[in-house]
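Here's a friendly walk through one protein model. Have a look at the sequence and structure first, then read on.

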Amino acid sequence: MRGFLFVCFFLSGGTALVYEVVFLRMLGLVFGHTVHAVATVLIVFMGGLALGSALFGGLTPRIRSPIQAYGWLELGIGAWAALLPMLFAWSAAWYPDLFRALGQSHAVLPWIQFALGSALLLVPTTLMGGTLAVLSQALAEPESRVGRLVGGLYAVNTCGAVVGAAMAGYVLLPSLGNRATIEAAAALNLALGFAALVYGRAHSARSAGIDLAPASESDADAREAPSRDVKPLGVRLTVVALGISGAVSMLYEVTWTRALALVLGSSTYAFTAMLVAFLLGLAGGSALYAWRWGTRQPSPVAFGALQAGIAVLVVPVLLMFERLPELLLAALRWSYAPPFVMWIQLGLSVGVLLPVTLLIGATFPCAVAVATPGAARVGESVGRIYAANTVGAVGGAVLTGFALVPALGVHAAIVVGVVVNLLLAALLTATADLRPAWRWGSAGAALLAAVAVAVGIAPWDPRVMSSGPAIYVGPYLRSAAASSSSIGATLRSQRVLFYRDGRSGTVSVGQSGAHRYLRINGKTEGSTSLDMPTQQLVGHLPLLTHPDPRDVLVIGLGTGVTAGAVARHGIRRLDVVEIEPAVVEAAGRFFGEANGHVLLDPRTRTLVADGRNFLFTTPDRYDVIISEPSNPWISGLASLFSEEFFRLTRAHLSPGGVMVQWIQLYNLRPDDLRMILKTFQGVFPATTVWNISEDLLLVGRTAPGALDLGRVKARFAEGRVGEDLGYPGNGAWPSVLGFFALGETDTARFVEDAERNTDDRLTLEFSAPRALYLDTSRTNQEAIRKARTSPLPELAPGSRGELERADVRYWIGMGCLGRNAMEDALAHFQRALELEPDHKPALLETSRVHFRLGRPEEALAFAQRALDRGPLRARTLYLLGRIHAALKSPDRAKKSFEEALALVPEDQKLRADLLLELKRVEGGKPR
């Protein structure tokens, strides 16, 4: 019997973790991924487990056939889970209507989420919570040792959870999607339920080995009596301590996950590795306790010793943790292959978490053994104790996410956990039946250790923790090799101005030279250097092309530069939605000059919310919506590139509205790029694609329309766009056309056989992380270039005449250079020269492009034609000198450089470049 039921409980643990992972994903699509929303789902899920454990545990003395009762629980779980995809769809439809019916108050939003989450999840989680208590009673025999029985069951169930978590994250969700994964788990639960019912009927006589009749008065007395070796006070303290220990365990799960994300990255695979490692430790610890100590009758001192042991094992990991980035980088020197990276993620997660979680896993069976008087009432005791542990875990998750991490930071929150473990050890030891010397000596040592930990452990180095080692492997390794320094020294060479462990991520601001950059969990999300053109254009482009933009929504604040670009135009209202409050603080404090202090603009409303959830709940419509999230390989962000999200944005656009979606070209497989384009274009058939450097901007319109160059020209001047893009004066307005990549027809043809990214099958979430170390930018740009049949977008009547001017063609070519399209730029410069053969700027840029393409002879001819006495002379001479140097004419090169130097006394940047070139042609001799 034991073997059969243990197999059932193993599989049941697997389905439970599959459900937890999928439920969090599916409710996140509706509620969002804010800390409040995630906490709501966790409270409902774990609260259901606690309720079920207490409820069914209390019923076990009156259950005649616990095996059959277990079978009915599994059937109920499977039946309800099979209905959940339909119920999730209904809740998504009711959710916004319910919010609006209750006055659109964001204060009531968490209560709506809690009510809907409870309606969806409370039934199956309550049934799940009852399975351990019922099976414990089913397997209990008069001679059973409670610690071994419960420890074994808990270990087997948690081992199943390990397999379930791994299967969900690595296999089922990537290949099947949410709905099919739930259906597969539900089918397994139904099969387990039917098998248990059949087995229970066939072995009813064996299951009656313990008298399970309604409790008599004497039974009730026996139930309340503690074991002969443990005093009632010790029993009560152990149960209370288990609840507190559950809170600390959840604190560790939350904080170590946050800390490991800074090292291993924030992909779905990284989080799966962390979850598997944590569960593996719990399973191993419970199994180890059942095997090694399960036959003994423990005392509260044993539980206190486990608490002290947890603290002792956490401290060295805490002290050595900031060396983990160096270990990761050293390992990734061997290979960037996705399977190897996943094994490294799992290995490092296990190395950090396993020692601690082994002892955490032993706490539950130990507490049950302390607090359970005998096998006759084991189900009831297990139910009560498991409920206490789970309620504590809920409290720990909420307290950690809402208070400890935002207020103290991840490192300090872990220190708090260590101190609480030691205080529990001191309390349980001080109240134990030991000799005074042992009792007070042990308690005093635990208290002294708690004080030492609280005041003696220095925080982690923010330069290391904000470095993003998993993301920037190549640059760090190359930098260390070039400077002949250690990896650790390379990581510590960065300058950090701001570091904050926010509610949903760790936000930092670094400085390199004169430029600043914003990072979230180590990933750079914006800067005042190379990212500026993209940040600015994504704000300007839709405002240049929309007929009359008044109301604008920006999803994702970042540095605030995009919002600042939008605010340059004559809009009426700008709503900015940002999920992390620390990002808002960083953007205001450190990027105010770059973003024009847009957060202080009276037209700007900054909302701390999840972008999808905001669109679900707001009735507002916008003329322009800009979505500028981070890269889709980050866990949870693929849902901002799904068909359902794009449909949601379209529903909130006013007639004639424009939607702009940012996406990167680097670290993204061509198939994934086409999938995103296909998904977007399927919702916005009137889609054009614009390219700046290594980024794409997808511009979708609610209705097809030609581009009015007169409008672009006027808006360019009004919004002072040239200042942002680094071009002198308003005459540079045609440069915007240089960023054009694909028209509507070309886009449709480019994606016609691509897949779509949907909420149910978020293919992108699992494929994008596999491309994190691939250099795909050039491949993707080449694919787009081949798909292009028209060099310019469709233009409105009367706009064509604007193209027949040399200055216009020149500036379009300059825009092409902004997306590194050399041949396209050359074509426009040549057209400018056809219209005006002596156009000096076009001659100079034509020469420069030929030189960059490795054609010095052609470059020389155009540079000589460009040379005149005007303002471009110094730069032309500089280019001529470089051309002569490439053509092995050092004397001519030196003459050109020296003449240019005499012309630029104020241009320090050009002077520095000229002096450097002079040193080179003179053989490196100092001047």
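## Two helices side by side

In this predicted model, α1 (residues 2-31) and α4 (residues 109-139) pack at about 170 degrees, with axes 11 Å apart. They are therefore roughly antiparallel, a label for angles over 145 degrees. Axes are lines fitted to C-alpha atoms, for helices over the stretch in contact, and angles run from 0 to 180 degrees between N-to-C directions. Helices (H or I, at least four residues) and strands (E, at least two) are DSSP runs, numbered from the N terminus.

Who touches whom? Residues including Phe6, Phe9 and Phe23 in α1 meet a set in α4 that includes Leu116, Leu120 and Met128, where contact means heavy atoms within 4.5 Å.

## A four-stranded sheet

Further along, four strands make an open, antiparallel sheet in the order β1-β2-β3-β4. Strands β1 (495-501) and β4 (523-527) each have a single partner, so one side of each lacks a neighbour in the sheet. Strands pair if DSSP finds at least two bridges between them; β3 (residues 515-520) and β4 are joined by four. In one of these strands, β4, threonine 524 is the bridge partner of arginine 519.

Helix α21 (residues 581-590) packs on this sheet and touches β1, β2 (506-512) and β3.

The chain's pLDDT (the predictor's confidence in each residue, from 0 to 100) averages 90, and 95% of the residues score at least 70. Over residues 205-228, though, pLDDT stays under 50.

Residues are numbered from 1 along each chain as its sequence is written. Local features need pLDDT of at least 70, side-chain atom pairs count only at 80 or more, and totals for chains, interfaces and linings use all residues, while side-chain values use heavy atoms, leaving out hydrogens and water.

Key
Parallel < 35°, antiparallel > 145°, perpendicular 65-115°, else oblique.
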